[in-house]
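Hello,

Here is the structure for you to look at. Please open it first, then read my notes below.

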Amino acid sequence: MTPEQMQEVAKSLGPLVAAQLMEQAKGQRDGLVGLLGAKSKPEDNPVPSILKNLNHFGAYLKAVVNAGRNPTREAVLEQAKRFGGADVQKAVQESVFSSAGVLVPVQGAGEMIEFLRPDSVVLALGARTVPFKGELHFGKKTGSVTFKWIGEGEKVEKSQPSHGKVVLKAHKAMILADISNDILRNPAVGDAGVAEDFREAAADGMDEAALNGDGQGPNPKGVLAQMDSAHSKARSGTSADHYLADVDGMVEDVLKANIKLRRPGFLLHPTRETALLGLKDGGTWIFRDEMLNRGTLRGFPYKASTRIAPSRILFGTWDQLLYGVDTELVLSEHDVRAEYDETTLRGICRGDFKLRHDKAFSERKGY
């Protein structure tokens, strides 16, 4: 038979099959009353509700088909339970879980989408990592000897060198979370995936404190709270000439403090980066070619990060920032929520941040 002939046969048999199913439904009327949405009293149900319209009959048809060949009354009733009351079938929707949606299998991807965190720009720019325990003191010269030319018989004044110290003192940070054991057992995540998320969160928090920490309470002080206030200046403006003056001025501030630029670099928000990329002097790009081709600004490396406010541009020689680590992130598991099938994970780290010289950094703000 050709496909066209088979379609004609199906069309001709359709009404006969439907008539037989209708007769079967009438024969099973008593058992279907109530189950498929009819009223509670038999006398109020001369015909089961599945025969009142095609939507209801469709639900019954599904039950008959699922019951197999020559289904018994009990088999049809059992299959009908899967579809609920016939009166409800008018609202069957795949997207509604309590309706047909419950029958749609949920598929799980074989990978997890990681939480979006910035890279560690503080370490990338060259901050000096210093391991220590509890407290660490660095000796510091605050006044040096002086060199002076004198005439014959002239008295020279004695130099008065002075000293101070920079102190790293451990500040404690903690992460605490209840993690479902289903996640820990998931091959796509597991202990390693959760631990990596904790480590990235800790690194992100360390960067945030190293730059913006205010020193209040248990918080360490960051660069912006430690740098010389005379090096924190308002912007010149937003024109090309103003940006040039600001960039040059930040470098000049550090050089005038007689600090060697061993690991110099700019740190700016992506918004500031976009502004600098768009600066033109007439028809000539000012910073664009240098930034895109060499990754530098005024000849010095730069990084763009959301760790610094969009209203600021920061320049410094980053080896003068002591990135003190008393305790690397230590993770521990605690089975205190077994009744919820959860594990409590705790992460602890300790560290501090200090500038060797408070004039090693300069900023422009207010953009």
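**Helix H7**

Helix H7 covers residues 190–212, which is 23 residues. At 1.5 Å a residue, H7 should span 33 Å. Its end C-alpha atoms are 33 Å apart, so expectation and model agree. Bear in mind that this is a predicted model.

Which residues of H7 are buried? The list runs Gly-190, Val-194, Ala-195, Phe-198, Ala-202, Asp-204, Met-206, Asp-207, Ala-209, Ala-210 and Leu-211.

**The whole protein**

The protein has 367 residues, and 35% of them count as buried. Its secondary structure comes to 11 helices and 14 strands. Take the contacts with a separation of 6 or more: residues 24 or more positions apart account for 72% of them. The accessible surface comes to about 22,400 Å². Carbon and sulfur atoms hold 52% of that surface.

**The cores**

The largest nonpolar core has 42 residues. Four of its members touch the most others: Phe-266, Leu-314, Leu-321 and Phe-361. Helix H9 (residues 240–256) gives the most to this core, with 6 residues.

What does Leu-314 touch, leaving aside neighbours within four places in sequence? Its contacts include Leu-211, Val-223, Leu-224, Met-227 and Met-250. Gly-265, Phe-266 and Leu-267 are also among them, as are Ile-308, Phe-361, Ser-362 and Glu-363. Leu-211 is one of the buried residues of H7.

There is also a second, separate core of 7 residues. Val-130, Phe-138, Val-166 and Leu-168 are among its members.

**His-231**

Where does His-231 lie? It is in the loop between helix H8 (223–226) and strand S5 (232–234). Is His-231 buried or exposed? Its relative accessibility is 8%. Buried means under 20%, so His-231 counts as buried.

His-231 and Ser-362 are 131 residues apart in sequence. In space, their C-alpha atoms are 4.7 Å apart. Ser-362 is also in contact with His-231.

**Helix H10**

Last, look at helix H10, residues 270–277. Arg-272, Glu-273, Leu-276 and Leu-277 are buried there. They cover an arc of only 140° around the axis, so they sit on the same side of H10.

Best wishes

Definitions and conventions
Residues are numbered from 1 along each chain as its sequence is written. This is a predicted model: local features need pLDDT of at least 70, side-chain atom pairs count only at pLDDT 80 or more; totals for chains, interfaces and linings use all residues. Side-chain values use heavy atoms; hydrogens and water are left out. A nonpolar core is a set of buried Ala, Val, Leu, Ile, Met, Phe, Trp, Tyr and Cys residues joined through side-chain atoms within 4.5 Å. Buried means under 20% relative accessible area, exposed over 50%, partly exposed in between (1.4 Å probe, protein chains only). Helices (H or I, at least four residues) and strands (E, at least two) are DSSP runs, numbered from the N terminus. Contact means heavy atoms within 4.5 Å. The expected span of a helix is 1.5 Å times one less than its number of residues. Accessible areas come from the Shrake-Rupley method with a 1.4 Å probe; for residues, only the protein chains shown count as cover. The arc is that of the directions from the helix axis to the C-beta atoms.
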